[in-house]
Amino acid sequence: MLRAGRAPHILSVSELAQLLRSALDAGVGTVWVAGEISNLKRPASGHLYFTLKDDRTQLGAVMFRSAAQVLVFQPADGMDVVVRARADLYPARGALQLYVEAMEPRGLGALTLAFEQLKARLGAEGLFADARKRPLPRWPRAVGIVTALHGAAIHDMRTVLARRWPAAAVVLRPVRVQGRGAAREIAAGIEDLNRLADVDVVIIGRGGGSLEDLWAFNEEVVARAIAASTVPVVSAVGHEVDFTIADFVADARAPTPTAAAALVVPDQAEVVGALARAEAGLRGALARRVGQARERLVTLDSRLGDPARRLRDLTLRVDDLGARADRALMRRLAWDRRELAALGARLERGGPPARLRGAREQLDAAMGRLRFAAAMRVRHARAALERTAAQLDALSPLACLERGYAIVRRGDAAGPVVSDAAALRAGETVALVFARSRARARVEDTEG
Amino acid sequence: MAEEAPRFEEALAELEGLVQRLEKGELPLEESLAAFERGVNLVRHLTQRLAEVEQRVEVLLKTEAGRLIRRPLEDEEQ
């Protein structure tokens with residue numbers, strides 16, 4: 001009911017809302033408030049909508065994109081957070097809302113929480129799986145390094161690379177390794193080095209520092225760049241105790257930049273040693289192979305025989321047999337002669353002339369038989385010698401003589417066989433024994 | 001970057017193969033000799049390459065247009 005005269009000041013809804021907003025601004029302003037996130041929504045706009053509540057009350061909250069995108073961790077339902085917010089009325093719906101400017105997780109630090117969240121997410125995606133890890137090349141042509149141009153990390157790596165394996169080129173892609181934008185630079189560095197044909201492995205790293213200092217290596221953009229790299233990536237961030245997301249995604253993790261450098265190249269001292277061993281192996285193997293061949297040659301040679309030596313052997317055997325045959329024949333003839341003489345003597349001693357005629361006749365007959373017998377013996381002996389000679393002939397040196405060789409004997413045809421001109425003197429007479437004939441010759445000169 | 005000589009890796013693999021074949025002793029003598037000579041040449045070549053090589057250190061820069069440039073890293077930049 002409106003009464004005349006006491007007309008109150010009537011506000012429009014908008015005016016009231018404006019009053020409330022001013023009252024809130026003046027009476028509450030910006031506050032820090034702790035609560036639990038629920039009913040979180042993240043539409044395409046990038047703004048975050050959620051309810052902040054405790055066990056008795058809940059308030060709607062919005063975090064605009066500009067503020068939400070600098071969060072390192074992902075807010076989620078059920079998360080206890082502390083927010084810096086301004087309480088205000090959302091005029092279109094008349095709802096009281098918290099306009100959140102900043103957010104921190106309670107308990108854990110924001111970075112620690114972000115690290116755990118990203119690790120869990122990428123792990124679930126399989127980015128850390130052992131099956132994804134590529135082996136490092138044994139002999140990289142060039143080593144790509146993504147790190148700060150100035151600093152201990154690059155210095156340490158260059159020192160180790162130069163000492164261990166100067167054969168590999170070093171390509172440094174200088175980047176900022178901390179601060180805003182560092183992660184994007186590191187990711188771009190990995191991509192750029194991947195475009196160089198001779199870079200066979202990439203090291204990303206920096207020296208030690210606080211969690212904030214190392215933060216770039218915990219960002220998703222770096223993790224994605226490592227996963228997308230076509231060449232293996234070695235992560236070497238901080239000191240032994242520092243682990244980063246990059247360490248988990250990388251194909252190999254080194255505790256320090258120095259260790260990373262040692263990991264990606266062979267040690268030339270070892271390689272030189274291996275080369276020396278290879279050469280020794282080659283020499284040993286060849287020596288054994290040649291030894292084998294020589295042994296085989298000796299065996300073959302002995303089986304084949306030396307033709308000249310064989311001819312000499314056979315010649316000696318022929319000579320020996322011939323001499324033995326001669327001696328045997330002479331002995332036989334001498335014996336026969338002695339028998340004959342003895343017989344004659346006995347006849348002469350035998351007595352009176354009366355018996356002489358008969359005796360002479362007897363003697364003549366005996367002499368005739370004796371001659372015949374002796375002649376037969378000689379013939380037999382000669383035949384035996386000829387048979388032997390024929391056998392020898394079949395065995396060889398005579399066959400050689402048939403082909404035009406001659407045997408040289410010292411003095412005459414019965415002299416010793418000469419097999420070395422050194423045994424002869426100039427002016428000496430030698431016999432040349434051909435297959436069926438002989439010749440005498442005089443030595444003019446010797447040489448050799 | 002053109003490859004001026006056979007890659008170290010390839011030369012080393014060839015060397016290992018030669019040593020193995022020679023050690024088996026199955027090669028004819030003539031081929032053994034050839035394998036030995038080739039092997040010793042490889043050892044010389046590789047050892048010499050290691051002894052002579054000086055590390056090339058380059059810096060990779062990107063132009064505004066996104067083009068990559070490699071140039072030797074001057075030590076005063078460090």
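**Two chains and the contact between them**

Counting over all chains, this predicted model holds 20 salt bridges, a salt bridge being a side-chain nitrogen of Lys or Arg within 4 Å of a carboxyl oxygen of Asp or Glu. Side chains of opposite charge can pair when their charged atoms come close. Of these bridges, three run between chain A and chain B. In one of them, A:Asp192 meets B:Lys62 at 3.1 Å, N to O. The side chains of B:Arg70 and A:Asp198 also form a salt bridge, at 3.0 Å, N to O. That pair crosses between chains, with B:Arg70 in strand β2 of chain B and A:Asp198 in the loop between α5 and β8 (199-206) of chain A.

A word on how to read all this. Residues are numbered from 1 along each chain as its sequence is written, and chains are lettered from A, with ligands numbered from 1, in the order in which they are written. In this predicted model, local features need pLDDT of at least 70 and side-chain atom pairs count only at pLDDT 80 or more, while totals for chains, interfaces and linings use all residues, and side-chain values use heavy atoms, with hydrogens and water left out.

As for confidence, the predictor gives the complex an ipTM of 0.78 and a pTM of 0.58. Chain B averages a pLDDT of 78, with 87% of its residues scoring at least 70; pLDDT is the predictor's confidence in each residue, from 0 to 100.

Now to the contact itself. With contact taken as heavy atoms within 4.5 Å, 40 residues of chain A and 43 residues of chain B take part. Together the two chains bury about 3,700 Å², and 64% of that lies on carbon and sulfur atoms; buried area is the accessible area (1.4 Å probe) that two parts lose on being put together, summed over both. On the chain A side, A:Arg158, A:Leu275 and A:Leu282 lose the most area to chain B, together 19% of what that side buries.

Between the chains there are also ten residue pairs in polar contact, both residues at pLDDT 80 or more. A polar contact here is a pair of N or O atoms within 3.5 Å; within protein, one must be able to donate a hydrogen and the other to accept it, and residues adjacent in sequence count only if both atoms are side-chain atoms. In chain A, the elements α4 (152-164), β7 (169-174), α5 (182-194) and α9 (268-304) each supply at least two residues of the side that touches chain B. Helices (H or I, at least four residues) and strands (E, at least two) are DSSP runs, numbered from the N terminus. The most comes from α9(A), with 16 residues. By class, this side of chain A has 25 nonpolar, four polar and eleven charged residues. Nonpolar covers Ala, Val, Leu, Ile, Met, Phe, Trp, Tyr, Cys and Pro, charged covers Asp, Glu, Lys and Arg, and the others, Gly among them, are polar.

β7(A) runs parallel to strand β1 (residues 57-62) of chain B over three bridges; two strands count as paired if DSSP finds at least two bridges between them. Here A:Val170 stands opposite B:Val57, and A:Val171 is opposite B:Glu58. Within chain B, β1(B) pairs with strand β2 (residues 68-72) in the antiparallel sense over five bridges, and B:Lys62 stands opposite B:Leu68. The hairpin of β1(B) and β2(B) has five residues between the strands, and in it B:Gly66 takes a positive phi near 85 degrees.
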